[in-house]
Amino acid sequence: MAKLKSVYVCSECGYESAKWYGKCPGCGEWNTMNEEIPISSVSNKNKSNSFLSAQKVMKLKDITGDVENRISTGIKEFDRVLGGGIVEGSLVLISGDPGIGKSTILLQICEYLGQNKYVLYVSGEESTNQIKLRANRLGVVTDNLAILSQTDLSSIIETIRVEKPDVVIIDSIQTMIYSECSSSAGSVTQVRECTNILMHTAKSLGVSIFVVGHVNKDGALAGPKVLEHIVDTVLYFEGERNYSYRILRGVKNRFGSTNEIGVFEMKQDGLQEVENPSLMMISGRPKNTSGTCVACVMEGSRPILAEVQGLVTATGFGTPRRMCTGFDYNRMAMILAVLEKRAGYFFNNMDTYINVVGGLRLDEPSADLTVAMALVSSLKDMVVDEKVIAFGEVGLAGEIRAVSNCEQRVAESYRLGFEKCVIPFHNYKSLSKELKVNMDIVPVRTIRDAFRAITEE
């Protein structure tokens, strides 16, 4: 039998080449071409025969449009991100930094799923005794949970066919090995082939499979991008190590919205869902202190309030320092330029810092006005009243542009006790009469109008 020639595969985009490149021709990344040995054509043929069978062609009108059956996880925040629950026969990928809580939340949902479903937990990183100790700490005592410590994928697939579980958890995909592939565990080829096999297994047997994926040093999913195209749903766990709060964000979802997030708090007995993230984000606000203002951003269909803190101080260097935590650095530089050019507030000899409290990251343009208010408040040492909230997109001409879902943002602010709301002028007409009566709504056209509306004289 002829010896198989190795190929070089990009770990970022999956580009294959017969020779090594320092820079990937596909995605342009450097030092991502790794040597792999492809699976032989005989193995590919056998694998195709084992997982694929001839399917009858059907016309669209003949296909029954049954609503997908969903399984609740028992955690409302998790169900929200999934689009209402686990879809039968779906393949879900959960990724995040090491120790952020991926294995913890999957083991927690086993307790609820075990009431009516049979769950198989496959671990390639921990022994059965280690999983038992973690289950005792989390209070998982269901009888319908089976544990398998195995890395050989062929053996795992056979176990799934024999045991016929309703839900399978693979922890993690980087430890799985497909015997027909000669590459080492965690390589691009192994991860791709193992995920393909799990996808065919989920569709053919109607089993819902959760796959845990590691991330690389840049925070991206380890393995080629094609891995995200194979699965039905991609979920990312986000959070800072110094904070106890975790955010579960949907990046891809074939069965629901990709804009929803779930908020959790890491405690001694596992991850606990936070049903009111806004109250958590703004709790402990300092009173009668300059440089702080509250923003309202939309995460999917949910409005979330977050405190933005700004600090402006005289620099001790020739070039002033700029630093952002939870906000885009380039966006802050643009806001500073607008404040200098359109409003007459100068920061050219000032160190400027922006911090979003609670570890939340504000990527929505509606937080522009809040950041500008916090910076000017700190620069002039003028206090923004704690009952005031402001949101809106700042344009380069100094205008305040309209934002989406203004009604929901104002309603959430009123529910949490805010009395005054500064909004873009073009959003004012869309508000209901009830909100206009209950709250002091101030529509503004320019950034100068916003300053006059919320700063104390």
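Here are some exercises with worked solutions on this predicted model.

**Exercise 1. Get your bearings.** Find out how many helices and strands the chain has, and what share of its residues is buried.

*Solution.* Start with the count: there are 13 helices and 23 strands. Next, take the extent of the C-alpha trace, which spans about 85 × 50 × 50 Å along its principal axes. Then turn to burial: of the 457 residues in the chain, 49% are buried. Finally, look at contacts with a separation of 6 or more: 67% of them join residues 24 or more positions apart.

**Exercise 2. Explore the largest nonpolar core.** Work out which residues touch the most other members of this core, and which helix gives the largest share of it.

*Solution.* First, the membership: the core holds 49 residues, and the ones touching the most other members are Leu339, Leu362, Met373, Val422 and Ile447. Now for the helix: H10, residues 368–380, supplies 7 residues, the largest share of this core. Apart from this core lies another one, with 31 residues, including Ile105, Leu113, Leu248 and Leu271.

Now pick out Ile447 and skip its neighbours within four places in sequence. What's left is contact with Leu339, Ala343, Ala372, Met373, Val394, Gly398 and Ile400. Two names here, Leu339 and Met373, are also among the residues touching the most other core members.

**Exercise 3. Explain what an aromatic pair ties together.** Take Tyr345 and Phe451, describe their geometry, and say why the pair links separate parts of the chain.

*Solution.* Begin with the search of the whole structure, which turns up 3 aromatic pairs. One of them is Tyr345 with Phe451: the ring centres are 5.2 Å apart and the planes are at 85°, an edge-to-face arrangement. Next, place each partner. Tyr345 is in the loop between helix H9 (329–343) and strand E18 (350–356), while Phe451 is in helix H13 (residues 447–454), so the pair ties together parts 106 residues apart in sequence.

Last, check burial, where the cut-off is under 20% relative accessible area. Tyr345 has 19%, so it is buried. Phe451 has 5% and is buried too.

**Exercise 4. Look for charges over rings.** Find which ring lies under the charged end of Arg409, and which one has Lys436 over its face.

*Solution.* Take Arg409 first: its charged end sits over the ring of Phe391, 5.7 Å from the centre of that ring. Then move to Lys436, which lies over the face of Tyr428, 4.3 Å from the ring centre.

**Exercise 5. Find the cavity.** Say how many cavities of 30 Å³ or more there are, and which residues line the largest.

*Solution.* The search finds 1 cavity of that size. The volume of the largest cavity is about 30 Å³. Its lining is made up of Leu82, Gly85, Ile86, Val87, Ser90, Val92, Thr233, Asn253 and Phe255.

**Exercise 6. Check the backbone.** Locate the cis peptide bond between Asp171 and Ser172, then look at phi in Asn288 and Asp381.

*Solution.* Asp171 and Ser172 are joined by a cis peptide bond with omega of about 5°. Ser172 is in the loop between strand E9 (167–171) and helix H6 (188–205).

Asn288 is not a glycine, yet its phi is positive, near 55°. Asn288 sits in the loop between helix H8 (277–282) and E15, and with 73% relative accessibility it is exposed. Asp381 also has a positive phi near 55°. Its loop runs between H10 and strand E19 (388–390), and at 58% relative accessibility Asp381 is exposed.

Definitions and conventions
Residues are numbered from 1 along each chain as its sequence is written. This is a predicted model: local features need pLDDT of at least 70, side-chain atom pairs count only at pLDDT 80 or more; totals for chains, interfaces and linings use all residues. Side-chain values use heavy atoms; hydrogens and water are left out. A nonpolar core is a set of buried Ala, Val, Leu, Ile, Met, Phe, Trp, Tyr and Cys residues joined through side-chain atoms within 4.5 Å. Buried means under 20% relative accessible area, exposed over 50%, partly exposed in between (1.4 Å probe, protein chains only). Helices (H or I, at least four residues) and strands (E, at least two) are DSSP runs, numbered from the N terminus. Contact means heavy atoms within 4.5 Å. Rings of Phe, Tyr and Trp (its six-membered ring) pair if their centres lie within 6.5 Å; planes under 30 degrees apart count as stacked, over 60 as edge-to-face and the rest as tilted. A charge sits over a ring if NZ of Lys or CZ of Arg is within 6 Å of the ring centre and within 35 degrees of the ring normal. On a 1 Å grid over the protein atoms alone, a cavity is a set of points where a 1.4 Å probe fits but cannot get out, and a pocket is an open set with protein on both sides within 12 Å along at least five of seven lines; lining residues have an atom within 4 Å of a point. Grid points are joined across faces, edges and corners, and a volume is the space filled by probe spheres set on the points.
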